[in-house]
Amino acid sequence: MKLLKGFLEVFDRAAFILVAALMGAMGVIAFMAVFYRFVLHDPITWSEEAARYMMVWVTFLGAGYAMGKGRHIGVTMFVEKLPEGARRKVTFAAEIIIMVFLAAVTVQGIKLMIGLWGQTSPAMDFPMWMPYLAIPVGSVYMFMHLLYLVLSRSSQSISTADLELEAALKGKDGDGQ
């Protein structure tokens, strides 16, 4: 558990820096593309393609980072109306379904990446597996954050149950004295 937490903290820092750098680079490339096209009348042929591939990485890394921070959008209107026990069960079931979905996306992303291994992009002559690598990387990143959330919640509930049991036993022993 501590190993997973440490890994995620390091990956979060790296993802945050990479997302910020990619977004900055996308802004610079977009500015340069507009400047070259409309001022110099000499368009940059690779600008749109580079920005698109950067956006793919920003999307998947940003989704993983958001998963770790609990910033994904969720519709909780119906779940909040459930009793506490049912709410926990529904939340747990949803998290398991999301983890299964992310595992499937990871597998399909790897298959897609392998299928495109020999292809290169038209404008930049860039290996196509590199932009598609964002799919399994981002999916595993989200999966790991969700796994940590589920495991930490289950260990908290176990420790809370242990504390409640211990308190109940002490109360029972105290009543008998």
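Modeller: Here is how the labels come about, one by one.

Modeller: This is a predicted model, so local features need pLDDT of at least 70 and side-chain atom pairs count only at pLDDT 80 or more, while totals for chains, interfaces and linings use all residues. Residues are numbered from 1 along each chain as its sequence is written, and side-chain values use heavy atoms, with hydrogens and water left out.

Colleague: Okay, why is serine 139 called buried?

Modeller: Buried means under 20% relative accessible area, exposed over 50%, and partly exposed in between (1.4 Å probe, protein chains only). Serine 139 comes out at 1%, so it counts as buried. The residue sits in helix α5 (residues 134-176); helices are DSSP runs of H or I, at least four residues, numbered from the N terminus.

Colleague: And what does serine 139 touch?

Modeller: With contact meaning heavy atoms within 4.5 Å, serine 139 touches Phe60, Leu102, Val105 and Thr106, leaving aside residues up to four places away in sequence.

Colleague: What makes tryptophan 117 and tryptophan 129 a stacked pair?

Modeller: Rings of Phe, Tyr and Trp (its six-membered ring) pair if their centres lie within 6.5 Å; planes under 30 degrees apart count as stacked, over 60 as edge-to-face, and the rest as tilted. Here the centres are 4.7 Å apart and the planes are at 15°, so the pair is stacked. Tryptophan 129, at 22% relative accessibility, counts as partly exposed.

Colleague: Which residues touch the most other members in the largest nonpolar core?

Modeller: A nonpolar core is a set of buried Ala, Val, Leu, Ile, Met, Phe, Trp, Tyr and Cys residues joined through side-chain atoms within 4.5 Å. In the largest, with 14 residues, Leu22, Met54, Trp57, Val58, Leu61 and Tyr141 touch the most other members. Helices α1 (2-38), α2 and α5 each supply at least two residues of this core, and α1 gives the most, with seven. A second, separate core of seven residues includes Ala63, Leu102, Leu146 and Val150.
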